[in-house]
Amino acid sequence: MKGAMEPEPEVLLQEARENVEAAQSYRRELGQRLQGLREAQRQIKESASQTRDVLKQHFSDLKGTLGKLLDERLVTLLQEVDTIEQETIKPLDDCQKLIEHGVNTADDLVREGEIAILGGIEEESDKLWNFTKKASHIQLDRWMMTSQPKITGFSSANVLQIILKTCM
């Protein structure tokens with residue numbers, strides 16, 4: 001005898017069919033959600049990949065442009081340094097030429113004077129006379145006082161200096 005609490009087999013069969021249909025419906029719904037989820041993941045990955053590519057290209061373009069601008073600025077600054085160097089060094093070069101000329105003149109005068117002195121008074125009086133005339137013509141004392149160019153000391157000479165700042 002069947003217990004009063006147990007349902008009839010037809011009722012159980014009907015309940016089983018309904019449960020299977022509910023599970024199938026639930027499975028279809030979850031399958032659709034899973035498919036939608038996968039589509040969303042694919043879209044996210046694809047858009048992230050495209051965004052990465054765009055960012056890489058953008059920064060590559062920026063680097064190229066920035067590199068060109070930096071190269072141009074470097075050329076300009078180097079030209080400015082060259083110009084300043086040439087303008088600043090020219091007076092020193094002129095001064096050097098004057099000093100070298102003075103040194104050569106003084107060397108020649110010393111050499112001629114030593115030759116005239118070595119010859120003695122009797123033998124080489126013409127050489128002594130010519131040397132004395134030449135020395136007074138050059139006016140050695142006056143020449144030494146007036147023709148020596150003033151040389152700027154290192155502390156007051158123009159110095160090129162650059163201060164580089166890095167911003168991060």
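Helix H1 meets helix H2 through Thr105, Leu109, Glu112, Gly113, Ile115, Ala116 and Ile117. On the H2 side, the contacting residues are Lys127, Leu128, Phe131, Lys134, Ala135 and Ile138. By class, this contact of H1 with H2 holds eight nonpolar, two polar and three charged residues. The model is predicted.

H1 spans residues 9-119, and H2 spans residues 125-138. The axes of the two helices come within 9 Å. They cross at roughly 155 degrees. An angle over 145 degrees counts as roughly antiparallel, so H1 is roughly antiparallel to H2. The crossing of H1 past H2 is left-handed.

Salt bridges were searched for across the whole structure, and five were found. Side chains of opposite charge can pair when their charged atoms come close. Glu29 and Arg33 both lie in helix H1, four residues apart, and are therefore separated by about one helical turn.

The mean pLDDT of the chain is 84. A score of at least 70 is reached by 79% of the residues. Among the elements, H1 has the highest mean pLDDT, at 93. Helix H3, residues 140-146, has the lowest, at 55.

How values were computed:
Residues are numbered from 1 along each chain as its sequence is written. This is a predicted model: local features need pLDDT of at least 70, side-chain atom pairs count only at pLDDT 80 or more; totals for chains, interfaces and linings use all residues. Side-chain values use heavy atoms; hydrogens and water are left out. pLDDT is the predictor's confidence in each residue, from 0 to 100. Axes are lines fitted to C-alpha atoms, for helices over the stretch in contact, and angles run from 0 to 180 degrees between N-to-C directions. Angles under 35 degrees count as roughly parallel, over 145 as roughly antiparallel, 65 to 115 as roughly perpendicular and the rest as oblique. A crossing is left-handed if the near helix is turned anticlockwise from the far one by less than a right angle, and right-handed if clockwise. Contact means heavy atoms within 4.5 Å. Ala, Val, Leu, Ile, Met, Phe, Trp, Tyr, Cys and Pro count as nonpolar, Asp, Glu, Lys and Arg as charged, and the others, Gly among them, as polar. A salt bridge is a side-chain nitrogen of Lys or Arg within 4 Å of a carboxyl oxygen of Asp or Glu.
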